[in-house]
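Look at the backbone, the strands and the aromatic rings of the protein shown below. The briefing that follows groups its points by topic.

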Amino acid sequence: MSDSITTRLDRLEAYEQIRQLAACYALALDSRDVPALADLFVPDVRTGAGGVGRAALAEWFDPVLRPYGITFHLIGNHVIDLVDEDHATGVVYCRPEHEVGDLWVVMPMQYRDRYERRDGRWYFRSRKPEAFYAADVLEHPLAVPGRFHFPDNPMITDAQLPEKWPSWQEFWARTGSE
């Protein structure tokens, strides 16, 4: 049985609202619009420091963003899985760049997201970043110990991808002639 037009339209609108949510997050980060950043999350969001609510999240974000001069978050490859009509998960690729003192750190990564719709609007429930590497733009990532050189990053301390993926491990465990 095929989905109704209304069901299909609701699904398409959910995808687009969630894509816009990720784009607005990048813009709010780079423009240092901390109130707008916090408003992208559910009202009862839990912070990394154990606080609850958007005000607590804004308070948490402020010192996290202060060590960086200019930042630039380019997003793409957004995969969204609608769990039900009010919940979804997603993976967003991101290539952020950060001015960190005299360094210009490039850190390709993914956000692992949980989304929730409330009163017809989609919000982040949570975001978890995982890095492929972090290195100054003048460094070769493979020449950096552990592929991670990002001084004083409070959120990410090591490169986890691609080795974290079971499919990556399984692929390289095979000899290639199988």
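Asp119 is exposed, with a relative accessible area of 86%; exposed means over 50%, buried under 20% and partly exposed in between, taken with a 1.4 Å probe on protein chains only. The model is predicted, so local features need pLDDT of at least 70 and side-chain atom pairs count only at pLDDT 80 or more, while totals for chains, interfaces and linings use all residues. Residues are numbered from 1 along each chain as its sequence is written, and side-chain values use heavy atoms, leaving out hydrogens and water.

**Backbone angles**

- Asp119 has a phi near 50°, a positive value in a residue other than glycine.
- Asp119 lies in the loop between strand E4 (109–118) and E5; strands (E, at least two residues) and helices (H or I, at least four) are DSSP runs, numbered from the N terminus.
- Asn77, in strand E1, also has a positive phi, about 45°, although it is not a glycine.
- Asn77 counts as exposed because its relative accessibility is 54%.
- Leu161 and Pro162 are joined by a cis peptide bond with omega of about 5°, and Pro162 belongs to the loop between E6 and H4.

**Strand pairing**

- Strands E2 (residues 87–100) and E3 (residues 103–106) run antiparallel and are joined by four bridges; two strands pair if DSSP finds at least two bridges between them.
- His98 has Val105 in E3 as its bridge partner.
- Two residues separate E2 and E3 in a hairpin, and Gly101 in the turn has a positive phi of about 60°.
- E3 is also joined to E6 by two bridges, and these strands run antiparallel.
- Val106 has Ala135 in E6 as its bridge partner.

- Asp136 is in strand E6.
- Asp136 is buried yet has no salt bridge, and Arg95, the nearest side chain of opposite charge, is 11 Å away.
- A salt bridge is a side-chain nitrogen of Lys or Arg within 4 Å of a carboxyl oxygen of Asp or Glu; Lys and Arg count as positive, Asp and Glu as negative, and His and the chain ends are not counted.
- A polar atom of the Asp136 side chain lies 2.9 Å from the backbone nitrogen of Leu138.

**Aromatic rings**

- There are 12 aromatic pairs in the structure; rings of Phe, Tyr and Trp (its six-membered ring) pair if their centres lie within 6.5 Å, and planes under 30 degrees apart count as stacked, over 60 as edge-to-face and the rest as tilted.
- The pair of Phe41 and Phe124 is tilted, because the ring centres are 5.1 Å apart and the planes are at 35°.
- Phe41 is in the loop between helix H2 (34–38) and helix H3 (54–65) and Phe124 is in strand E5 (residues 121–131), so this pair ties together parts 83 residues apart in sequence.
- Both Phe41 and Phe124 are buried.
- Tyr68 and Phe150 form an edge-to-face pair, 5.7 Å centre to centre with 80° between the planes.
- Tyr68 and Phe150 are both buried.
- One aromatic cluster is formed by Tyr25, Phe41, Trp60, Phe61, Tyr111, Tyr115 and Phe124.

**A charge over two rings**

- The charged end of Arg127 sits over the ring of Tyr25, 4.3 Å from its centre; this requires NZ of Lys or CZ of Arg within 6 Å of the ring centre and within 35 degrees of the ring normal.
- Arg127 also lies over the face of Tyr111, 3.8 Å from the ring centre.

Methods
Polar contact = N/O pair within 3.5 Å; in protein donor to acceptor, adjacent residues only side chain to side chain.
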